[in-house]
Amino acid sequence: MQSNEDTAIRAAQDQNAAAFEEQRADLELESPGLWALFHNGRLVNTYDTQQFAIESAERRFGPGPHFVTQIAEEPEAALDTEDPADEEKRSFARLALRFAWNTCTFIGAVALWLADHIIDLMPMAFDVWQRIKGTPTRERQDKNRPRFSKKERENYLHSQGKRCMYCGGRFSSHYYDVDHKIPWARSRDNRRSNLQVLCTPCNRRKGDQYDDDFRKRYASVFPSRRKTPPNPPIPQRKFDAVTRATNRTRRAHAGSGMPVVTRQQKILGVSFFLGIFSFGLSLVVLQELGVTWDGMGIPTAVVGLFVGGGLYLRAWLTGRLYS
């Protein structure tokens, strides 16, 4: 008799267990973590605690055993079960990115400081290189020649008694010009000691000659060492006669034959040279570090382009291409 009861109980439990398995997916979705009560193969109800479920079953169906089981809890979020090593890797990546940004900012600031100082030396370096090669150059005077204000011109004029330094003529009847004794294209000297006031005919006659060469050439017309305007004035026809009979000095001819190079061309040339130099230096450094892959020329070319192009762009942005 007892055996039949045990068999019936096991059969009922198996029936309830099978019913639970059929409804497990829905129960886990709708009531995760609660306790389910099954009887005669059907769901009776769900409860918050196991004790509450058992007491409810005994009140409704008498003493057990009863099929009471807990519905599986909702799976934890992926973030809660994340491996701590992943968070450590992300933290290290953030630090590395911040360090790289700070390093690039510092290097950029130093590069800009160096560029601002190198730009001012580029035209000088270009001239030195041309002299080493034996081909000196002169800059174009149109944009770079200094302009004198009206007050400055009047001060120079009064300091010479309103007379031309060469012919001694007064400036009441014709125009006058402020001239550089050593031509501006060769000296870049704008000091008062290098300036003199000439009438327009004498200034055109002098051209790009040196003051001492001009005085030697016209020594028969006025004393070559006199540093004051001649008195009485010397007629222009006397200068014309000497001009027809003599030629300019070799130094004047050599100066006028020098190729004209603008400041922009000088900076461009030096920027191109520094870009090529940086390209070659980067190539050598990578080879010394043991880098032998075929694409090595690409990063080195980028370095050269950034150095050369960056210098020229900085000169353009700061307005020093024409200063």
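Keep in mind that the model is predicted. I start with the overall picture. The protein chain has 323 residues, and 31% of them count as buried. It contains 12 helices and 5 strands. Now the contacts. Take those with a separation of 6 or more: 64% of them are between residues 24 or more positions apart.

Next, the pocket. The volume of the largest pocket is about 490 Å³. Its lining counts 18 residues. Nearest the centre lie A111, F306, V307, G310 and L311. Which helices supply at least two residues each to this lining? They are α3, residues 84–133, α11, residues 263–288, and α12, residues 297–317. α12 gives the largest share, with 8 residues. By class, the lining of the largest pocket has 14 nonpolar residues, 3 polar ones and 1 charged one.

Last, the loop residue, N40. Where is it found? N40 sits in the loop between β1, residues 35–39, and β2, residues 42–47. Is N40 buried or exposed? Its relative accessible area is 53%, so N40 counts as exposed, the cut-off being over 50%. N40 still has partners. Leaving aside residues up to four places away in sequence, N40 touches Q15 and N16. Q15 is 25 residues from N40 along the chain, and their C-alpha atoms are separated by 7.0 Å. There is also a link to H39: the side chains of N40 and H39 form a polar contact of 3.2 Å.

Note on methods:
Residues numbered from 1 in each chain as written. Predicted model: local features only at pLDDT ≥ 70, side-chain atom pairs only at ≥ 80, totals over all residues. Heavy atoms only, no water. Helix = DSSP H or I, 4+ residues; strand = E, 2+ residues; numbered from the N terminus. Buried < 20%, exposed > 50% of the residue type's maximum accessible area, 1.4 Å probe, protein only. Contact = heavy atoms within 4.5 Å. Polar contact = N/O pair within 3.5 Å; in protein donor to acceptor, adjacent residues only side chain to side chain. 1 Å grid on protein atoms, 1.4 Å probe; cavity = no way out; pocket = protein on both sides within 12 Å on 5 of 7 lines; lining within 4 Å. Points joined across faces, edges and corners; volume = space filled by probe spheres on them. Nonpolar A, V, L, I, M, F, W, Y, C, P; charged D, E, K, R; others polar.
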